[in-house]
Amino acid sequence: MPSGCIIEASQGKANAILLVITGQHMNLTHEPGSPEKADATPIIRALKWIYVLDDSDLPDGHMAPVYPLGVNVILVRVDGAVYAVSGRCAHMACPLSAGRLEGFMIVCPCHDWRFDVRTGRFLDAPEIGLTVYPTKIEAGKLFVVLRGKEMA
Ligand code: FES
């Protein structure tokens, strides 16, 4: 299998992405709350890393809204690791960038729903969640990968 690929495998509601990148820092992701796919055929596609922010502009314990290709994404750095999730709340789409960060948890400013930035999951109902995007840091710059539906 070539490095720099995403493999998607769908079975029922469980969607998972396996990232295979050698020698790069990144987050393993999945997409909670995505629609079911009809088949379980693995899809291999090349990663398209999109520059979103200079590394120095995201201090530890902070969030930053970014808009790769116009998609609302929020970057978060906790304990040195960078995470990227949808910037719109899974409840009623309030901007999570106006919320607050408590450890690994983003609290929505509108109705206090809480999401884990590592998984995107809503803490009170884990079947609901935010889209989670792979991230990497390279040469002092932060990159994300959008999912297929956002690239269409
Ligand atoms: S819109 Fe985020 S909790 Fe309601």
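Predicted model: local features only at pLDDT ≥ 70, side-chain atom pairs only at ≥ 80, totals over all residues.
Residues are numbered from 1 along each chain as its sequence is written. Helices (H or I, at least four residues) and strands (E, at least two) are DSSP runs, numbered from the N terminus.

**Confidence**
- The mean pLDDT is 79, and 67% of the residues reach 70 or more; pLDDT is the predictor's confidence in each residue, from 0 to 100.
- Watch residues 1–40, where the pLDDT is below 50, although this stretch has 67 contacts in the model beyond near neighbours in sequence. Two residues are in contact if their C-beta atoms, placed from the backbone, lie within 7 Å.

**Burial and core**
- Of the 152 residues, 30% count as buried. A residue is buried if 20 or more other C-beta atoms lie within 10 Å of its own, exposed if 12 or fewer, and partly exposed in between, with C-beta atoms placed from the backbone.
- In the largest nonpolar core, which has 29 residues, Leu75, Val85, Tyr133 and Val144 touch the most other members. Such a core is a set of buried Ala, Val, Leu, Ile, Met, Phe, Trp, Tyr and Cys residues joined through C-beta atoms within 7 Å.
- Several strands each supply at least two residues of this core, among them strand 4 (49–54), strand 6 (73–78), strand 7 (81–86) and strand 13 (141–145).
- Val144 is in contact with Ile50, Val52, Pro68, Val73, Ala84, Tyr133, Pro134 and Thr135, leaving aside neighbours within four places in sequence.
- Of the contacts between residues at least 6 apart in sequence, 47% join residues at least 24 apart.

- An open sheet runs in the order 4-13-12, with antiparallel pairing; two strands pair if DSSP finds at least two bridges between them.
- Strand 4 and strand 12 (135–138) are the edges, each with a single partner strand, so one side of each has no neighbour in the sheet.
- From one strand to the next, the twist averages 35 degrees; axes are lines fitted to C-alpha atoms, for helices over the stretch in contact, and angles run from 0 to 180 degrees between N-to-C directions.
- Strand 12 and strand 13 share four bridges in the antiparallel sense, and Ile137 sits opposite Leu142 in strand 13.

**The hairpin of strands 5 and 6**
- Strand 5 and strand 6 pair antiparallel over five bridges, with Pro65 bridged to Ile74 in strand 6.
- Six residues lie between the strands, and Leu69 takes a positive phi near 50 degrees in this hairpin.
- Asn72 is in the loop between strand 5 and strand 6 and counts as partly exposed because it has 15 C-beta neighbours inside 10 Å.
- Asn72 and Arg88 are 16 residues apart in sequence, yet 6.9 Å apart in space, C-alpha to C-alpha.

**Positive phi in other loops**
- Most residues other than glycine have a negative phi.
- Ala93 has a positive phi near 65 degrees; Ala93 lies in the loop between strand 7 and strand 8 (100–102) and is partly exposed, with 13 other C-beta atoms within 10 Å.
- Ala139, in the loop between strand 12 and strand 13, has a positive phi of about 50 degrees and counts as exposed, with 6 C-beta neighbours inside 10 Å.
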